[in-house]
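Here is a short briefing on one protein and its ligand. Keep the sequence and the 3D view open as you read.

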Amino acid sequence: MLRNALSTDVDRLATIWYEGWQDAHADLLPDELKRLRTPESFRERLLQRLASTRLAELDGDVVGFCTLKDDELYQLFISAPARGTGIAAALVADAEMRLKEAGVATAWLGCAIGNDRAARFYEKCGWERAGASVIVVETSEGPFDLEVWRYEKRLDQA
Ligand SMILES: CC(C)(COP(=O)(O)OP(=O)(O)OC[C@H]1O[C@@H](n2cnc3c(N)ncnc32)[C@H](O)[C@@H]1OP(=O)(O)O)[C@@H](O)C(=O)NCCC(=O)NCCS
């Protein structure tokens, strides 16, 4: 089941984000960024983005979430036991629908370079890699430049 995230979900979502970040990003991204990605930092960023966050529940447990930012599929994190179940695909389909409803013709997302599982997943969902590009990510100490794989998907076609 998918639903809008509430303030009461923030602690659970921050845990999923922090643990997923450790699984998928900690070995790929610079040490300086790793130092800034504390559990509290994920909590603060979630609070800022709560209004655009949808989550997935399985048997009453929150197991993943997806957040949007303008024309960007901004964050997608699934708890380890719920990976490979189709929940991520349901959240992406829901995100694409929300982006399309907001009038976005081509959506984009940044994927950590070397996050091969996520890359494979996005490609299965019809997203195409548009090369590498430098994006600015938010940290408690200000903007941080990060090179990522940029993925795009046209949403204005049937
Ligand atoms: C990325 C994520 C959302 C994908 O959801 P998921 O449920 O794991 O996705 P799926 O299992 O449906 O698809 C993953 C695919 O990658 C494949 N895969 C698994 N490990 C892989 C690896 N190391 N290299 C390449 N492909 C891999 C799987 O076999 C599967 O492909 P298949 O269906 O053709 O067999 C989820 O794994 C997750 O939350 N990961 C941690 C956080 C993260 O990386 N978020 C994305 C940030 S950009």
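The points below cover the ligand site and then one glutamate. This is a predicted model. In it, the ligand sits in the largest pocket. The shell around the ligand counts 18 residues, and helix 5 gives the largest share of them.

**Where the ligand sits**
- On its own, the ligand has 940 Å² of accessible area, and the protein covers 71% of that.
- Five residues come nearest to the ligand: Gly84, Asn115, Arg117, Arg120 and Lys124.

**What builds the shell**
- Helix 5 spans residues 116-124 and supplies seven residues of the shell.
- Strand 4 (72-78) and strand 5 (106-112) each supply at least two residues.
- By type, the shell holds nine nonpolar, four polar and five charged residues.

- In the side chain of arginine 117, an N or O atom is 2.8 Å from an oxygen atom of the ligand.
- For arginine 120, a polar side-chain atom lies 2.7 Å from a ligand oxygen.
- Lysine 124 has a side-chain N or O atom that is 2.7 Å from an oxygen atom of the ligand.

**Glutamate 57**
- Find glutamate 57 in strand 2, which runs over residues 53-58.
- Its side chain makes a polar contact with the side chain of arginine 3, at 3.2 Å.
- Set aside the neighbours within four places in sequence, and glutamate 57 is in contact with Met1, Arg3, Val62 and Val63.

Technical notes: Residues numbered from 1 in each chain as written. Predicted model: local features only at pLDDT ≥ 70, side-chain atom pairs only at ≥ 80, totals over all residues. Heavy atoms only, no water. Helix = DSSP H or I, 4+ residues; strand = E, 2+ residues; numbered from the N terminus. Polar contact = N/O pair within 3.5 Å; in protein donor to acceptor, adjacent residues only side chain to side chain. Contact = heavy atoms within 4.5 Å. Near = heavy atom within 4 Å. Areas by Shrake-Rupley, 256 points an atom, 1.4 Å probe, with all protein chains shown as cover. 1 Å grid on protein atoms, 1.4 Å probe; cavity = no way out; pocket = protein on both sides within 12 Å on 5 of 7 lines; lining within 4 Å. Sits in = over half its atoms within 2 Å of the grid points. Nonpolar A, V, L, I, M, F, W, Y, C, P; charged D, E, K, R; others polar.
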